[in-house]
Amino acid sequence: MKRPLIATLFLVVCIVLGVVSLAYVEYSCSALIKQVEFAEECLITRNSNEAQTSFIELIDLFEKHRPILNLISGQGDTIEIRGDLNKAIYFLNYGDYETALLHLQECKSDLNKMIASNEPTLTTIF
């Protein structure tokens, strides 16, 4: 009698953890995407002061969510995103807004890829 109860409890815990991790990835990546879009707008308007503050806020937001995202998705995805952000900051500091914008768009596509890779599909379940 105890084995089916423990197995059921284990299954429920796994399902709850899966749903919570999916919700967290979607929430944190969506917040990061919104911040990336704001930074893109600042780069398009060539407002360097606003762009610098938006980049600082973006890095702070990313560093806040990075430990849990590492746990859920693995370090590979977060390293790619951090690399894109570092390249964008580098080009922002040198005044090359077009290249910085390009790296921000790559960061946004990596964030969307992270959301898609955590969707419940047959490949992510099995």
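This is a predicted model: local features need pLDDT of at least 70, side-chain atom pairs count only at pLDDT 80 or more; totals for chains, interfaces and linings use all residues.
How are H1 and H2 oriented relative to each other?

1. **H1 against H2.** Helix H1 covers residues 2–44 and helix H2 covers residues 48–73; their axes cross at roughly 160 degrees and come within 9 Å. Angles over 145 degrees count as roughly antiparallel, and H1 and H2 are therefore roughly antiparallel to each other. The crossing of this pair is left-handed. Sorted by class, the contact of H1 with H2 has 18 nonpolar, six polar and two charged residues.

2. **The loop between them.** Asn47 sits in the loop that joins H1 and H2. With a relative accessible area of 29%, Asn47 is partly exposed.

3. **H1 against H4.** Here the axes are 10 Å apart and the packing angle is about 165 degrees, which makes H1 roughly antiparallel to H4. H1 passes H4 in a left-handed crossing. On the H1 side, the residues that meet H4 include Val25, Cys29, Ile33, Val36, Glu40 and Leu43; on the H4 side, Tyr97, Leu101, Leu104, Lys108, Leu111 and Ile115 are among them. By class, this contact of H1 with H4 has 16 nonpolar, three polar and four charged residues.

4. **H3 against H4.** The axes of H3 and H4 come within 8 Å and cross at roughly 165 degrees, so H3 is roughly antiparallel to H4. This crossing, too, is left-handed. Among the H3 residues in the contact are Asp77, Ile81, Asp84, Leu85, Lys87 and Leu92, and H4 brings residues including Ala100, His103, Leu104, Asp110, Leu111 and Lys113. The class count for H3 with H4 is eleven nonpolar, four polar and seven charged residues.

5. In soluble globular proteins, nonpolar side chains tend to be buried together. In this model, the largest nonpolar core has 27 residues, and those with the most contacts inside it are Leu43, Phe55, Ile81, Leu85, Leu92, Leu104 and Leu111. Two or more residues of this core come from each of H1, H2, H3 (75–93) and H4 (97–117).

6. **A closer look at Leu92.** Which residues is Leu92 in contact with, leaving aside neighbours within four places in sequence? They are Leu43, Ala51, Gln52, Phe55, Tyr97 and Ala100. Leu92 is also one of the H3 residues that make the contact with H4.

Conventions:
Residues are numbered from 1 along each chain as its sequence is written. Side-chain values use heavy atoms; hydrogens and water are left out. Axes are lines fitted to C-alpha atoms, for helices over the stretch in contact, and angles run from 0 to 180 degrees between N-to-C directions. Helices (H or I, at least four residues) and strands (E, at least two) are DSSP runs, numbered from the N terminus. Angles under 35 degrees count as roughly parallel, over 145 as roughly antiparallel, 65 to 115 as roughly perpendicular and the rest as oblique. A crossing is left-handed if the near helix is turned anticlockwise from the far one by less than a right angle, and right-handed if clockwise. Ala, Val, Leu, Ile, Met, Phe, Trp, Tyr, Cys and Pro count as nonpolar, Asp, Glu, Lys and Arg as charged, and the others, Gly among them, as polar. A nonpolar core is a set of buried Ala, Val, Leu, Ile, Met, Phe, Trp, Tyr and Cys residues joined through side-chain atoms within 4.5 Å. Buried means under 20% relative accessible area, exposed over 50%, partly exposed in between (1.4 Å probe, protein chains only). Contact means heavy atoms within 4.5 Å.
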